[in-house]
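Hello,

Here is the structure I promised to pass on. Please open it alongside this note; my findings follow below.

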Amino acid sequence: MFILTFLTLTFQSEFLEIPFLSMQYLKELFFLRLPYSLSLIVILLAHEMGHFLAARYYGVKATWPYFIPIPFAPIGTMGAVIKILEPIRNKKQLFDIGIWGPLMSLILSVPCYVLGIYWSSLIPMESVQGNPGVISFGESIFTITVNQWILGPFDPRVQDVWIHPLAQAGWVGLLVTAINLLPFGQLDGGHVIYSIFGEKYRNWIYYLFIGFLLLCLWNFSWLLWGFLIYFIIKVEHPFVPDPVVPLDRVRKIGGLLILFALLFIFVPSPIQIGTDIHRPGLAEELWISLKSVFSGI
């Protein structure tokens with residue numbers, strides 16, 4: 001699956017057409033997308049190996065990473081997973097196993113994105129809006145800051161970023177990290193937040209989940225994620241005993257910091273396809289309408 005995922009990352013939609021494409025075209029495509037596929041597969045591997053090695057450190061049995069290929073643009077994979085084969089014994093182990101995955105992918109994704117933006121360029125917005133097949137990668141606080149710092153200042157209504165494959169790998173790595181850091185159930189963020197706050201977090205976690213569902217006002221794909229979290233991943237974390245020695249201050253601060261990092265790397269509207277790529281979401285339209293109403297009073 002590792003090699004197959006590398007191929008779907010590299011060739012994406014063209015993967016299914018490989019037998020019908022010329023060797024020259026395949027060679028050019030391979031080297032064009034190699035920075036993306038190689039960087040992203042390393043990020044995904046590092047994420048899962050962070051979990052795997054932490055589990056092995058505590059003697060918790062776990063599988064090697066499984067990669068999930070998908071031969072479609074613009075990502076080419078559904079990520080990678082490992083499976084924990086036995087119960088985690090206490091919250092300290094849960095915390096360490098949970099945090100090392102997103103920590104590793106964050107450490108690699110950030111420099112990938114920053115370096116990739118150095119090699120990216122600005123293009124007129126007109127050239128983007130006229131293309132029905134254009135793919136727009138959404139913005140987070142982090143990506144907006146980096147884009148303006150390196151390529152700016154520029155007006156995003158007038159110019160768009162033509163993203164380098166390395167930056168695209170960093171962007172996907174950050175998206176994967178952000179989704180995994182959502183503080184629910186068996187997601188990495190769920191492990192971390194439950195380890196820090198313990199059973200008392202059950203008193204307010206559903207309020208946090210309701211707040212998460214409001215994201216569908218920006219992008220309806222979050223409604224699907226809400227469905228997956230509620231019915232499959234679960235909102236609450238299953239019970240794990242407290243450790244003999246409570247979590248130390250360093251772990252608690254580190255856990256809160258990486259959860260706080262979610263605010264900076266989270267992308268409210270991840271991917272848009274089509275000519276009207278900068279169409280505001282429902283919440284943005286409501287806000288614009290309210291501003292126009294109050295400005296007329």
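Where in helix 2 does a kink lie? The kink is at Arg 33, shortly before the proline Pro 35, and amounts to about 55°. Helix 2 covers residues 23-57. Just after helix 2 comes Gly 59, with a positive phi of about 75°. Keep in mind that this is a predicted model.

Overall picture. The protein chain holds 11 helices and 6 strands. The C-alpha trace spans about 65 × 60 × 35 Å along its principal axes. Buried residues make up 47% of the chain. Among contacts with a separation of 6 or more, 78% join residues 24 or more positions apart.

Surface and charge. The accessible surface is about 16100 Å², and carbon and sulfur atoms contribute 70% of that. There are 17 positive and 18 negative side chains, with the centres of the two sets 13 Å apart.

Backbone points to check:

- Ala 73 and Pro 74 are joined by a cis peptide bond, omega about 5°. Pro 74 sits in the loop between strand 1 and strand 2.
- Gly 152 to Pro 153 is also a cis peptide bond, omega near 5°. Pro 153 is in the loop between helix 5 and strand 5.
- Gln 12 has a positive phi near 50°. It lies between helix 1 and helix 2 and counts as buried because its relative accessibility is 7%, under the 20% cut-off.
- Lys 234 has a positive phi of about 80°. Lys 234 lies in the loop between helix 9 and helix 10 and is partly exposed at 43% relative accessible area.

Best wishes

Notes: Residues are numbered from 1 along each chain as its sequence is written. Side-chain values use heavy atoms; hydrogens and water are left out. Helices (H or I, at least four residues) and strands (E, at least two) are DSSP runs, numbered from the N terminus. Buried means under 20% relative accessible area, exposed over 50%, partly exposed in between (1.4 Å probe, protein chains only). Contact means heavy atoms within 4.5 Å. Accessible areas come from the Shrake-Rupley method with a 1.4 Å probe; for residues, only the protein chains shown count as cover. Lys and Arg count as positive and Asp and Glu as negative; His and the chain ends are not counted. The place of a charge is taken as NZ of Lys, CZ of Arg, CG of Asp or CD of Glu. The bend at a residue is the angle between axes fitted to the seven residues ending there and the seven starting there.
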